[in-house]
Amino acid sequence: MALTTRGGGGAGGGDHAKAPSASDPNLGFLTKRDTEVKLPRATRVKNKTPAPIQITAEQILREARERQEPEIRPPKQKITDTHELAEYRLRKRKEFEDVIRRVRWSVSAWVKYARWEEQQRDFARARSVYERALDVAHRDHTLWLKYAEFEMRNRFVNHARNVWDRAVSLLPRVDQLWYKYIHMEELLGAVANARQVFERWMAWRPDTAGWNSYIKFELRYGEVERARAIYERFVAEHPRPDTFIRYAKFEMKRGEVERARRVYERAADLLADDEDAEVLFVAFAEFEERCREVERARAIYKYALDRVPKGHAEELYRKFLAFEKQFGDRDGIEDAIVGKRRFQYEDEVRKNPLNYDSWFDYIRLEESVGNKDRIREVYERAIANVPPAEEKRYWQRYIYLWINYALYEELDAQDIERTREVYKECLKLIPHKKFTFAKMWLMAAQFEIRQRNLKAARQILGNAIGMAPKGKIFKKYIEIELYLGNFDRCRTLYQKYIEWSPANCYAWRKYAELEKNLSETDRARSIYELAIAQPALDTPEVLWKEYLQFEIDESEFNRARDIYERLLDRTKHLKVWISFAEFEASAGLDDNDNESEEKKNDIGYQDQQMERVKKCRAVFERAFDYFRTSAPELKEERAMLLEEWLNKEVSFGDLGDISLVQKKAPRKVKRKRPIPTEDGSTIAYEEYIDYIFPDEVAQAPNLKILEAAYKWKKQKTGDDDE
């Protein structure tokens, strides 16, 4: 049968066309090309309107399930003699080999093949399949596990050992392989071999689980000295509080109190500055408590309280207090502890009274004791240290003293009048003419709202707007009034917000959105007009976009068209032109989406469609003329405009004119331009894409010559191909 190849003729094409080594016998006299299923070409959907009857995915699946034909199962086969058995095995092996040839990297396919060979009691073949699989996926530990379990299941012990040795040598970081290997040796009673495997594993410095399993293994066989030696290696390898604690508990379980104490002492000397030292000291002290060494335990707690950082000592404080409640004078000991810490904080705040972190720690200490008078005294002393400079960065930590003070009075002391006084004094102290804290104003107002004093909350927020207006305050105040349904107050607040920050597009947009939600279309339109008339805005593009969408939603297409024209007077950006053209192409389409096909075939409807196409094309032509005459240097933007124009003409279908755009399409040319280096001595070059438009070729004679040469080269290439 003759074979034909695609591409150029001659020797070059013949090298790639080689006859297959063996044809498929199932095809008979047909070729593969004759049996190919040719799918129809995907067509563009022109009518994208939703169908009158919608079908859910659930209905589609249910119908597919109901129409599904029953599964055809092959009949059961009974093998009666050795010839049939051999034929069956040959067929199954061929099937497995075909599957492996298709999905060579699938471990499950190899495992199924090997298990089938195992069921046939052909262990050599099964072993061969596993070895072939390891050549493909030797990094997959599950394959090694299946291989070794196969050898163990069929009592090939030496083969299994060989597999485990290879697996742990190749994948020493997979703990499961080590566990399975050791478990097999233990089942066989080969304790020495299991110990040897453990030693090989420990040479790889595993995590704590591996060491713990080694220790448990030795303890199962009564080897206490060996376990102790392993613990020594364990804590040397992992010097952490939990490992030392486990070691000490091991000694305590054996009744070796002195040994356990020495372990704790070593850990305390070695890990006193560790981030988890608190756990170690607590365990050490509890150990001494169990040994009835109360003074030792007390000394450990005190030593720990001096060494452990304040932020990590919560559990230590709690344990120490519980210890003193059990073994000592509660009041005296607690006062002594608190007094010691109080002395340290007093020393810190005396050295640097503006160190507000020390004040926070001091207040937290007093709050843990619970003496209200002392807590208020410390708060009053702390807030008396006002930052010397009226700069906000110095006040940012200080203001939280006031916040915590107010929250303490409200939540813990539950003194409402005192809380109100705290907020009042704080707001009086802040120099609002230079800076302010919106957080304090809002917290004070929210406190009054929680007390159901809405008048006081409004007064606080009004004072904030009058003295130190900020965007957060306006937003929260408007949110409160909007929640209460006071729309006139919301309008007043939005007006003040805009007077304070006329360039804030967020305020204009939200104000217009409020009026739109209240169905005040004229008010919303007036707000948008005032907004776009501002000389400076932070995000004007968002504002213009929302204004245009507002008019489109109101079906005021002439107004929207006028807004586009005014926007083009301000900026001739490419996106504005494209958006304008999209608008002209889709203006009024929403009204006709649900009409019948007869109505769409009506002459009047087609005239409307043609009118939209003309308007859209006029916008594109205006944009193209602008980029061609007023901004000829923006070639890339002009090319992008033509691309959008072409897509739009294609989307118009029969009404579109693709040739109109294709005549103006540019040709891409790679060029180089010099780049001066830093020293200025040499010049580097970089490639860039340039666009050559047909009107440029007509104007420049050099470009005409290049265009003619390009056409000649293209024609010559076509002749050579023929």
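Helices are DSSP runs of H or I with at least four residues, and strands are runs of E with at least two, numbered from the N terminus.

## Basis

This is a predicted model, in which local features need pLDDT of at least 70 and side-chain atom pairs count only at pLDDT 80 or more, while totals for chains, interfaces and linings use all residues. Residues are numbered from 1 along each chain as its sequence is written, and side-chain values use heavy atoms, with hydrogens and water left out.

## Glutamate 118

Helix 5 (residues 107-119) contains glutamate 118. Glutamate 118 is buried, at 9% relative accessibility (buried: under 20% relative accessible area; exposed: over 50%; partly exposed: in between; 1.4 Å probe, protein chains only).

Its side chain makes a polar contact of 2.9 Å with the side chain of asparagine 154 (a pair of N or O atoms within 3.5 Å; within protein, one must be able to donate a hydrogen and the other to accept it, and residues adjacent in sequence count only if both atoms are side-chain atoms). Leaving aside residues up to four places away in sequence, glutamate 118 touches Phe123, Ala126, Phe150, Arg153 and Asn154 (contact: heavy atoms within 4.5 Å).

## Arginine 491

Arginine 491 lies in helix 27 (residues 487-500) and is buried, with a relative accessible area of 13%. A polar contact of 2.6 Å joins the side chains of arginine 491 and glutamate 515.

Glu515 is also among the residues that arginine 491 touches, along with Tyr511, Leu514, Leu518, Glu520 and Arg523, not counting residues up to four places away in sequence.

## Isoleucine 449

Isoleucine 449 belongs to helix 24 (residues 438-450). Isoleucine 449 is partly exposed, at a relative accessible area of 33%.
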